[in-house]
Amino acid sequence: MTHLESPFRIDAWEPAETDALAEPDGAGPATGRATVRKTYTGELAATSVAELLTCQGDDGAAYLAQERVVGELAGRRGSFVLQHGASGGSGADPQQWAFVVPGSGAGELAGLRGSGTLAHELITLDWELPG
């Protein structure tokens, strides 16, 4: 496995106008959806588009995302889909995770495997390519 740490910036956060998960009577924690566009720099030089589901309560929050990343990883051009999420709150240990969706690598990134985290505008990923 090769270890990667690459910074990213959020270029756009586009919230959905409707919330399919909202409770009709307005009870419970706020949920939402957003499309997020990013630029990665460093060993991962890429752009991406992610679809996020979010939940924000009084004592905690969480998100779940699928993100298509297009660009270069260690000089190899292609794309892959990253699934990631996090949760935390009072009385709960923070959880963060990310993985390359199996079979999602394309171009020179076909067969890419990996797992890690996304946090504070930094992706950390342990990855490998076949052969």
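## An all-strand chain, in brief

Read along its sequence, this protein chain runs β-β-β-β-β-β-β-β-β. That makes nine strands and zero helices, where strands (E, at least two residues) and helices (H or I, at least four) are DSSP runs numbered from the N terminus. Keep in mind that this is a predicted model, where local features need pLDDT of at least 70 and side-chain atom pairs count only at pLDDT 80 or more, while totals for chains, interfaces and linings use all residues. Residues are numbered from 1 along each chain as its sequence is written, and side-chain values use heavy atoms, with hydrogens and water left out.

**The chain as a whole**

- Taken along the principal axes, the C-alpha atoms fill a box of roughly 55 × 30 × 25 Å.
- The chain has 131 residues, and 33% of them count as buried; buried means under 20% relative accessible area, exposed means over 50%, and partly exposed is in between (1.4 Å probe, protein chains only).

**Charges and salt bridges**

- A search of the whole structure turns up five salt bridges, each being a side-chain nitrogen of Lys or Arg within 4 Å of a carboxyl oxygen of Asp or Glu.
- One of them pairs Asp11 with Arg9, whose closest N and O atoms are 2.6 Å apart. Asp11 is partly exposed at 39% relative accessible area, and Arg9 is partly exposed too, at 46%.
- Another joins Arg37 to Glu14, with 3.1 Å between the closest N and O atoms. Arg37 sits in strand β2 (residues 30-40) and Glu14 in strand β1 (residues 2-15), so this pair ties together parts that are 23 residues apart in sequence. Arg37 is partly exposed at 35%, and Glu14 is partly exposed at 34%.
- Arg77 and Glu72 also meet through their side chains, at 3.9 Å from N to O. Arg77 has a relative accessible area of 46%, while Glu72 has 31%, which counts as partly exposed.

- Leu21, Leu53, Leu64, Trp97 and Phe99 make a nonpolar surface patch of about 420 Å².
- Patches are built from residues with over 30% relative accessible area and no salt bridge: nonpolar side chains (Val, Leu, Ile, Met, Phe, Trp, Tyr) are joined within 5 Å, and like charges within 9 Å.
- Leu21 belongs to the loop between β1 and β2, and with 52% relative accessible area it is exposed.

**A buried glycine**

- Gly32 is part of strand β2 and is buried, at 13% relative accessible area.
- Leaving out residues up to four places away in sequence, Gly32 touches Asp19, Leu52, Leu53 and Thr54.
- Gly32 and Ala16 are 16 residues apart along the chain, and their C-alpha atoms are separated by 7.3 Å.

Terms used. Areas by Shrake-Rupley, 256 points an atom, 1.4 Å probe, with all protein chains shown as cover. Contact = heavy atoms within 4.5 Å.
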